[in-house]
Amino acid sequence: MHIPDGFLSVPVATAGWVLSAGTIAPAVRRTGKELGEKQVPLMGVMAAFIFAAQMLNFPVAGGTSGHLIGGALAAVLLGPWAAMLIMTAVLAVQALLFQDGGLLALGANVLIMGVVAPWVGYGVYRGLSRLLGGRGWKGSLPGFVAAWTSVVAASIVCSLALWLSGTVTLSIVLPAMVGVHVLIGIGEGLITAAALAFVAATRRDLLPATPSLTLPLPEGGQGGGRKGGNR
Amino acid sequence: MKRWWIVGLLIALALALLSPLASPHPDGLERVAEDKGFLETAREPLYELIPDYLFPGIADEAAATMVAGVAGTLLLFGLGYSLARLLRQQRVG
């Protein structure tokens with residue numbers, strides 16, 4: 001969903017920069033305050049994984065492909081503030097070095113994939129985990145739904161940006177964008193659920209604590225268990 | 001923990017090495033832009049370093065993609081790790 005330069009009008013691209021910069025500042029502050037020591041290497045792994053996974057376009061219907069955004073996954077594992085920084089790093093490298101996504105459009109791309117996707121994913125995951133009370137296959141089910149929703153939400157905001165730029169009318173772009181991202185979101189959901197299941201199986205303590213979660217730690221786990229205060 | 005994050009990084013690097021297998025079809029936004037007739041409003045990038053995830057100077061396309069993928073993956077690991085380290089130090093210090 002990386003917007004190239006030219007799709008957005010100057011005012012919309014500028015608004016993207018202003019809005020994303022305005023949210024990155026608190027993200028830097030909050031991440032510094034909340035990040036635990038064991039999450040330092042996880043932030044590196046997450047950024048590396050998201051970059052690599054984004055290269056792997058998977059086919060969806062009708063000669064179209066999609067790839068992971070990763071915002072929801074990062075937000076579930078590291079919290080929405082750290083996820084914003086990870087996504088911003090990935091998107092900035094992609095724009096600056098790989099010419100994937102425009103430089104003027106970088107602000108809007110950060111807003112769409114680095115702010116909207118993580119926060120929507122995080123909110124849906126939290127709400128659904130609480131609702132399911134720890135059931136749902138160790139976070140895989142809420143993870144799937146959170147990731148799917150984050151992609152659809154991102155596609156809606158992307159449509160709005162294109163419409164506000166006068167590039168295409170909303171009645172044309174919105175159904176088309178949402179229609180294809182409903183499918184791409186399934187891929188996002190499957191990858192996110194698989195990644196969460198992997199973390200649950202290998203490093204249970206890295207998953208966020210859900211108050212009512214009563215699943216036992218895997219054998220040979222870290223023993224210390226989950227600490228509540230890592231958010 | 002150390003072993004775990006090395007495994008995580010290795011998984012990411014393995015994905016990067018698989019990147020030549022990625023679907024070559026346009027992604028969702030590109031497809032919509034094509035279908036709805038605004039793809040041609042896209043402007044060429046101001047400059048090109050590693051366009052299309054092909055590392056320059058490597059003739060073989062699959063190899064060029066893998067090198068670009070591995071380079072980007074390592075760079076982002078370093079960026080993510082240093083950023084986290086920096087932000088934590090600021091708090092402690």
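A crossing of two helices is called right-handed if the near helix is turned clockwise from the far one by less than a right angle, and left-handed if the turn is anticlockwise. The legends below apply this term to a predicted model.

**Figure 1. Packing of helix α4 against helix α5 within chain A of the predicted model.** Helix α4 (residues 80-98) and helix α5 (residues 106-132) of chain A have axes that come within 9 Å and cross at roughly 150°, and α4(A) passes α5(A) in a right-handed crossing. Angles over 145 degrees count as roughly antiparallel, and α4(A) and α5(A) are therefore roughly antiparallel to each other. On the α4(A) side the contact includes A:P80, A:A83, A:M84, A:M87 and A:T88, while the residues that α5(A) brings to the contact include A:L106, A:N109, A:V110, A:M113 and A:W119. Sorted by class, the residues of this contact comprise 14 nonpolar and 3 polar, with no charged residue.

**Figure 2. The loop between α4 and α5 of chain A, with A:Q99.** A:Q99 lies in this loop and has a phi near 55°, a positive value in a residue other than glycine. Most residues other than glycine have a negative phi. A:Q99 counts as buried because 22 C-beta neighbours lie inside 10 Å, where 20 or more are required.

**Figure 3. The loop between α2 and α3 of chain B, with B:Y53.** B:Y53 is placed in the loop that runs between α2 and α3 (61-92) of chain B, and its phi, near 55°, is a positive value in a residue other than glycine. B:Y53 is buried, since 24 other C-beta atoms are found within 10 Å. For chain B, the pLDDT averages 94, and 96% of the residues score at least 70.

**Figure 4. The side of chain A that touches chain B.** The contact between the chains takes 58 residues from chain A and 50 residues from chain B. On the side of chain A that touches chain B, at least two residues each come from α1 (10-34), α2 (39-55), β1 (58-60), β2 (64-66), α4, α6 (140-164) and α7 (170-202), and α2(A) gives the most, with 15 residues. By class, this side of chain A has 38 nonpolar, 16 polar and 4 charged residues. The predictor assigns the complex an ipTM of 0.96 and a pTM of 0.91.

**Figure 5. Helix α7 of chain A crossing helix α2 of chain B.** The axes of α7(A) and of helix α2 (residues 28-35) of chain B come within 9 Å and cross at roughly 145°, and the crossing in which α7(A) passes α2(B) is right-handed. From α7(A), the residues A:V173, A:A176, A:M177, A:V180, A:H181 and A:I184 meet B:G28, B:R31, B:V32 and B:D35 in α2(B). The residues of this contact divide into 6 nonpolar, 2 polar and 2 charged.

Figure 6. Chain A has 7 helices and 2 strands, and from the N terminus its elements follow the order α-α-β-β-α-α-α-α-α. Among the contacts in chain A between residues at least 6 apart in sequence, 72% join residues at least 24 apart.

Conventions:
Residues are numbered from 1 along each chain as its sequence is written. Chains are lettered from A and ligands numbered from 1 in the order in which they are written. This is a predicted model: local features need pLDDT of at least 70, side-chain atom pairs count only at pLDDT 80 or more; totals for chains, interfaces and linings use all residues. Axes are lines fitted to C-alpha atoms, for helices over the stretch in contact, and angles run from 0 to 180 degrees between N-to-C directions. Helices (H or I, at least four residues) and strands (E, at least two) are DSSP runs, numbered from the N terminus. Angles under 35 degrees count as roughly parallel, over 145 as roughly antiparallel, 65 to 115 as roughly perpendicular and the rest as oblique. Two residues are in contact if their C-beta atoms, placed from the backbone, lie within 7 Å. Ala, Val, Leu, Ile, Met, Phe, Trp, Tyr, Cys and Pro count as nonpolar, Asp, Glu, Lys and Arg as charged, and the others, Gly among them, as polar. pLDDT is the predictor's confidence in each residue, from 0 to 100. A residue is buried if 20 or more other C-beta atoms lie within 10 Å of its own, exposed if 12 or fewer, and partly exposed in between; C-beta atoms are placed from the backbone.
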